[in-house]
Amino acid sequence: MKIVFVCTGNASRSATVEVVLKKMIADNGIEGVEVYSCGTKVPEGLDRENVMCRIAAEHGYDMGGKAVPMSEEILNSADVVVVMTQHHRDQVTRILTYDHWGRIILFNDFCFGEHTDLPDPHYQTEHVYRACFNRIESGCKKIIEKLKANK
């Protein structure tokens with residue numbers, strides 16, 4: 001199974017989900033699940049956000065590197081495309097082939113059964129980044145529960 005997480009810049013939310021979920025998958029010995037992330041609007045050479053990298057490190061996750069732009073290849077190869085907001089869903093449907101649209105789901109819906117957006121912490125206070133991180137980490141725990149149940 002291949003899961004792709006999508007946000008705007010792939011510098012904070014989707015990148016955090018990727019790093020956290022990959023570590024949780026490894027820690028739980030789950031096999032056969034690939035996790036990737038990308039952004040709908042990624043400037044070339046964009047680094048991951050320092051604030052989120054620092055918060056992730058405080059929780060034992062190694063996050064860094066460069067943001068990855070969304071591409072048709074990445075999206076069409078996914079079994080599940082998890083978007084952070086309805087706006088991202090709209091952006092994904094512009095390049096994902098129509099027969100794959102059923103694979104798109106909102107992060108909060110996928111993790112918590114809530115049809116709501118995961119707000120972007122970009123340009124906000126550290127408190128907002130921490131709240132976003134905590135929501136992501138909680139969501140990843142829910143994904144792990146689902147993956148274990150489907151073994």
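Start at Glu137: this residue is buried but forms no salt bridge. Lys141 has the nearest side chain of opposite charge, 4.7 Å away, beyond the 4 Å limit for a salt bridge. The model on screen is predicted.

Stay on Glu137 and show its surroundings. The residue belongs to helix α6, residues 126–149. Leaving out residues up to four places away in sequence, Glu137 touches Val20, Met24, His59 and Tyr61.

Select Tyr61 next, together with Phe133. Their ring centres are 6.0 Å apart and the planes meet at 55 degrees, so this pair is tilted. Tyr61 sits in the loop between α2 and α3, Phe133 in helix α6; 72 residues separate them. Tyr61 is buried at 8% relative accessibility, and Phe133 is buried at 0%.

Now go to Phe107 and Phe112. They form an edge-to-face pair, 6.5 Å centre to centre, with 75 degrees between the planes. Phe107 is buried, at 0%; Phe112 is partly exposed, at 23%.

Keep Phe107 selected and widen the view to the largest nonpolar core, which has 34 residues. Phe5, Leu21, Ile25 and Phe107 touch the most other members. Elements giving two or more residues to this core include β1, α1 and α5. Helix α6 supplies the largest share, eight residues. A second, separate core has 13 residues, among them Val4, Val83, Val92 and Ile104.

Finish with two charges over rings. Select Lys146: it lies over the face of Phe110, 4.6 Å from the ring centre. Then select Lys22, whose charged end sits over the ring of Tyr36, 5.7 Å from its centre.

Notes
Residues are numbered from 1 along each chain as its sequence is written. This is a predicted model: local features need pLDDT of at least 70, side-chain atom pairs count only at pLDDT 80 or more; totals for chains, interfaces and linings use all residues. Side-chain values use heavy atoms; hydrogens and water are left out. Helices (H or I, at least four residues) and strands (E, at least two) are DSSP runs, numbered from the N terminus. Buried means under 20% relative accessible area, exposed over 50%, partly exposed in between (1.4 Å probe, protein chains only). Lys and Arg count as positive and Asp and Glu as negative; His and the chain ends are not counted. Contact means heavy atoms within 4.5 Å. A nonpolar core is a set of buried Ala, Val, Leu, Ile, Met, Phe, Trp, Tyr and Cys residues joined through side-chain atoms within 4.5 Å. Rings of Phe, Tyr and Trp (its six-membered ring) pair if their centres lie within 6.5 Å; planes under 30 degrees apart count as stacked, over 60 as edge-to-face and the rest as tilted. A charge sits over a ring if NZ of Lys or CZ of Arg is within 6 Å of the ring centre and within 35 degrees of the ring normal.
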